[in-house]
Amino acid sequence: TNVQPKKSRRWFKGLGQLCQGTALTVANIALAIGVIQFPVTPETQTWGAVASASTGIATILNGIGDLRNE
């Protein structure tokens with residue numbers, strides 16, 4: 001039988017990823033809708049921010065997985 005040892009919850013890593021992903025997503029959405037002004041090209045302000053926001057969402061989901069002990 002192949003029994004895997006029980007993983008412990010990773011509280012600090014999970015909470016850190018949640019905070020990091022939330023900050024990244026909020027900042028990029030604010031950039032995309034024009035709340036934050038940076039001297040970047042319009043393509044970066046829209047598509048680049050959307051792509052980076054999806055990275056933030058993935059980081060949030062990883063943090064949730066760590067908190068759920070997955």
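Me: Leaving aside its neighbours within four places in sequence, which residues is T25 in contact with?
Reply: T25 touches A53, G56, I57 and I60, where contact means heavy atoms within 4.5 Å. This is a predicted model, in which local features need pLDDT of at least 70 and side-chain atom pairs count only at pLDDT 80 or more, while totals for chains, interfaces and linings use all residues. Residues are numbered from 1 along each chain as its sequence is written, and side-chain values use heavy atoms, with hydrogens and water left out.

Me: Okay, is T25 buried or exposed?
Reply: T25 is buried, because its relative accessible area is 9%. Buried means under 20% relative accessible area, exposed means over 50%, and partly exposed is in between (1.4 Å probe, protein chains only).

Me: What lies 3.5 Å from a polar atom of the T25 side chain?
Reply: That would be the backbone oxygen of A53. Also, the C-alpha atoms of T25 and S52 are separated by 7.3 Å, with the two residues 27 apart along the chain.

Me: Which helix does T25 lie in?
Reply: T25 lies in helix α1, and Q17 has its place in helix α1 too. Helices (H or I, at least four residues) and strands (E, at least two) are DSSP runs, numbered from the N terminus.

Me: And Q17, buried or exposed?
Reply: Q17 counts as buried because its relative accessibility is 15%. Beyond its neighbours within four places in sequence, Q17 is in contact with T59, I60, N62, G63 and D66.

Me: Switching topic: why does I33 count as exposed?
Reply: Because I33 has 63% relative accessibility. I33 lies in helix α1, which covers residues 11–33.

Me: Now the whole thing: how many helices and strands?
Reply: The protein has 2 helices and 0 strands. Its C-alpha atoms fill a box of roughly 55 × 20 × 15 Å, taken along the principal axes.

Me: What share of the 70 residues is buried?
Reply: Buried residues make up 24% of them.

How values were computed. A polar contact is a pair of N or O atoms within 3.5 Å; within protein, one must be able to donate a hydrogen and the other to accept it, and residues adjacent in sequence count only if both atoms are side-chain atoms.
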